[in-house]
Amino acid sequence: MNCYSEEDVWITVWNRCSEMRVLNMNGLIKLGKAKSQEWINKGFIIANNAAERMLYKDNLILSDKSAYDVVCEKGLMSLKRYHPLQEDAIVVDGESVPVSSEKKKIPLVFVPPLGATAQIFDLMPTRSLVRYYLARGYDCYLIDWGDPDRSHAGLTFEDYVTEWMPAAIESVQELTGQKEFSLFGYCMGGLFCLLYAAWSKNPDLRNLVTVASPIDVRQVGPAGQLLNVMHHASKVLSRVNNTPLKSMVRPEHLHVPGRLVALSFKLTNPLGSLISYWDLLTALSDREALSEHTTMSNWFEDMADYPGGMIQEIISKLAVGNQFAQGRVRINGGTASFSDIKANLMSFAGDNDKIVGIRAARHLLDVVGSQDKSFYVVPGGHAGVFGGSSASQFAWAMSADWLDERSN
């Protein structure tokens, strides 16, 4: 039997503790080295992604990737026809959407607003309204208004509605051999659709969908009150000068560069702009997240010029005259009456839209002549209701279900 003195026991304990301290220290050193290497690697990734974001931003933008052919051109306008999908299913915001083998008879034409480019309809592969509707079995077309500059300052509603849209529609009818068609417009694109329908009285327009389109602009809170003041002030000014308000300023003096359009849009939600910069910082370590963020922010940063003539039209017909709310808009030497619109109508507004309020959009149902008409409030702000993360569950799915019943 071994006998140990108290001193031997303490020496043994001390040696064991020393060994453990050495082992723990070695482990900590190894862990520290691994973490240091991880941070260095992450730092390189962040630096590389940040450099690419600054120098080669276009590499990160996912918009406008769906295959198409340009099938019509007139002036600045071009018309894209999208190729059918080859996949059995596509992913839309994390959800699988099967590609329908049943093709709809009625073709669908998307109409974008001014300012925001047509690419917002094909924002990114997993959030593309075009791809979603292709998966639902539609023959999809997209009007692109082009990139105007100061030489195009004189463009007005007449150019867009009475020249370019008819040319696009005629091309769709010739290519498909199908007379009837549907229109889908976002924001001012919805106004273009309504004006075209009222002006042309085209009986072949079967269905019309509008999203966040301003009809009664005086129903937008404080801004609406300001427009009321502008309305009365313009009347007084016109009487004093004996000149229509539209004739007082030349279109080229009202032409608005795209960067100012983008700035004015951001100012409607300054907190959202600040949050977006924070989101950018957190996305720098993940290239996929960075691509998505860059694509979304590009929507608000890369905006097209607003022609001065259209600014005149918006002031005189939409803001001051409030003609859309009255359902009678002067255009091309005549009057387009919304009561002449007979197409099936579906309209959406966002519950948090700071630009086009619910009441401003809902007034459409009071002025159109459609018998089959409906209005829905869905989650989202002005951009979110159309292209946000929940848009596919609400405005897209609801409009597609509605059109499915009216497109064969």
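Buried means under 20% relative accessible area, exposed over 50%, and partly exposed in between. The model used in these exercises is predicted.

**Exercise 1. Find which elements the salt bridge between E158 and K317 joins.**

Solution. 
- Step 1: Check the contact. E158 and K317 form a salt bridge, with the closest N and O atoms 4.0 Å apart.
- Step 2: Assign the elements. E158 belongs to helix 3 (residues 157-176) and K317 to helix 9 (residues 308-320), so the pair ties together parts 159 residues apart in sequence.
- Step 3: E158 and K317 are both buried.

**Exercise 2. Decide whether K201 and D340 are buried, partly exposed or exposed.**

Solution. 
- Step 1: Start from the pair. The side chains of K201 and D340 meet in a salt bridge at 3.8 Å, N to O.
- Step 2: Locate it. K201 is in the loop between helix 4 (188-200) and strand 8 (205-211), and D340 is in the loop between strand 10 (334-337) and strand 11 (344-350). The two are 139 residues apart.
- Step 3: Read the areas. K201, at 47%, is partly exposed. D340, at 30%, is partly exposed.

**Exercise 3. Describe the surface patches that involve Y56 and D58.**

Solution. 
- Step 1: Take Y56. This residue lies in the loop between helix 1 and strand 1. Its relative accessibility is 53%, so Y56 counts as exposed.
- Step 2: Find its partners. M54, L55 and Y56 form a nonpolar surface patch, with about 420 Å² of accessible area together.
- Step 3: Take D58. It lies in the loop between helix 1 (6-55) and strand 1 (68-74). At 63%, D58 is exposed.
- Step 4: Find its partners. D58, D147, D149 and D302 gather in a surface patch of negative charge.

**Exercise 4. State how many residues of helix 14 are buried, and list them.**

Solution. 
- Step 1: Count. Helix 14 (residues 395-404) has seven of its 10 residues buried.
- Step 2: List. They are A395, W396, A397, S399, A400, W402 and L403.

How values were computed:
Residues numbered from 1 in each chain as written. Predicted model: local features only at pLDDT ≥ 70, side-chain atom pairs only at ≥ 80, totals over all residues. Heavy atoms only, no water. Patch = residues over 30% accessible without salt bridge, like charges linked within 9 Å, V, L, I, M, F, W, Y side chains within 5 Å. Areas by Shrake-Rupley, 256 points an atom, 1.4 Å probe, with all protein chains shown as cover. Lys, Arg positive; Asp, Glu negative; His and termini not counted. Charge placed at Lys NZ, Arg CZ, Asp CG, Glu CD. Helix = DSSP H or I, 4+ residues; strand = E, 2+ residues; numbered from the N terminus. Buried < 20%, exposed > 50% of the residue type's maximum accessible area, 1.4 Å probe, protein only.
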